[in-house]
Amino acid sequence: MADNTILSRLDGLKLKYEETGQKLTDPEVIADVKQFVQLNKEYKELEPIIETSERYRTALANLAEAKDILANDKDEEMREMARGEITELEPAIEQMEEQIKLLLIPKDPQDSKNAIMEIRGGTGGDEAAIFAGDLLRMYTKYIESKGWRYEMTSFSDGAAGGYKEVVLKVTGQNVYGTLKYESGVHRVQRVPVTESQGRIQTSTVTVAVLPEADEIEVQIAPGDVVMESCKSSGAGGQHINKTESAVRLTHKPTGIVVECQEERSQFKNRDKAMKMLRAILLDRSKAAQHKEIADQRKSQVGTGDRSERIRTYNYPQGRLTDHRIGLSLYNLDSVLNGNIGELIDALIAADTAAKMKD
């Protein structure tokens, strides 16, 4: 039997799909780059559900016809064929309904974007910086396994190894939608290499994952940004230490400061620093909205707030625990070697289940 609630929502989406398609042919819309890009994105996002809904409607019509034959046709051969079709169609329709329900979950428009990942040592001094380096290795190995690319745009070395802070730009398909669950406080429990008494220490590292903002999404007035050139820090060869190719940008209205030192060209560093600044400004502009949604939904995956303790890495027991979904894995070495797919899949599944419940 057809789900009338689903059919009603599909009718509305089909109408929106057709109206959006018409708008995309309007010369005024085509001339407005921001509006055209947004509408084209909405149109493409609707395509999968429209295609699935057409198959769903066809299956419903075929099922109704088969049931009619079974109820009214006197030909036993036709009735037998109808029984076979009903046996095939009913589970297929149930499966399509579940697929449609998943497709009807509102998508975060940021999910398809590239991401800016910031990893910073928290409490624990040198040990926190060393663990920040361990997490950097974990993430870069995972990024490589996904076929994505990353660039280290800014870093500050730790005194005993690792990094006080490091910023990556990650590019690829659905990067932000995958990595966003890593935002929060990561706690490590182990005996530090700097500990001579063999005592277990608890330290923390903060991870923030931000969607890269498009220029049309975040407009920055030229007069609002002060640029300073400076010498790059850390290892990088003789050239990078002798020239002032590194760039520091200060956004006057908010006081946000970003740096980029990866490139030898000051122009390229400025371009990358501007992208980082846009990402941070976009993140701030959406923070209140995200908090409101999180407060209303109370998703078991958590808010993604970087002040929230999300995970513990316990070295003595070889255990990793994600506190948001109560998942413990006893393959810590493998996880730290970049095999975090199982963990991220579990977080995505929990988030999807929470949204479907809502």
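Visitor: Which residues are linked in a network of salt bridges?

Guide: This is a predicted model, in which local features need pLDDT of at least 70, side-chain atom pairs count only at pLDDT 80 or more, and totals for chains, interfaces and linings use all residues. Residues are numbered from 1 along each chain as its sequence is written, and side-chain values use heavy atoms, with hydrogens and water left out. A salt bridge is a side-chain nitrogen of Lys or Arg within 4 Å of a carboxyl oxygen of Asp or Glu. The network links Glu-76, Arg-79, Glu-80 and Arg-83.

Visitor: What is the N to O distance in the salt bridge of Arg-83 and Glu-76?

Guide: Buried means under 20% relative accessible area, exposed over 50%, and partly exposed in between (1.4 Å probe, protein chains only). Arg-83 is partly exposed at 31% relative accessibility, and Glu-76 is partly exposed with a relative accessible area of 45%. Their side chains meet in a salt bridge with an N to O distance of 3.2 Å.

Visitor: How many residues apart in sequence are the parts that Lys-180 and Asp-111 tie together?

Guide: The closest N and O atoms of this salt bridge, between Lys-180 and Asp-111, are 2.8 Å apart. Helices (H or I, at least four residues) and strands (E, at least two) are DSSP runs, numbered from the N terminus. Lys-180 lies in the loop between α6 (175–179) and β4 (184–190), and Asp-111 in the loop between α4 (76–104) and β1 (115–121), so the parts tied together are apart in sequence by 69 residues.

Visitor: Which helix holds both Asp-271 and Lys-275?

Guide: Asp-271 forms a salt bridge with Lys-275, with the closest N and O atoms 3.9 Å apart. Asp-271 is partly exposed at 37% relative accessibility, and Lys-275 is partly exposed at 26%. The two residues are 4 apart, about one turn of the helix, and both lie in α8 (residues 266–297).

Visitor: Where is the pLDDT below 50, with 17 contacts beyond near neighbours in sequence?

Guide: pLDDT is the predictor's confidence in each residue, from 0 to 100, and the chain averages 84, with 87% of the residues scoring at least 70. Where pLDDT is low, the predicted coordinates should not be read in detail. Contact means heavy atoms within 4.5 Å. The stretch with pLDDT below 50 and 17 such contacts is residues 296–301.
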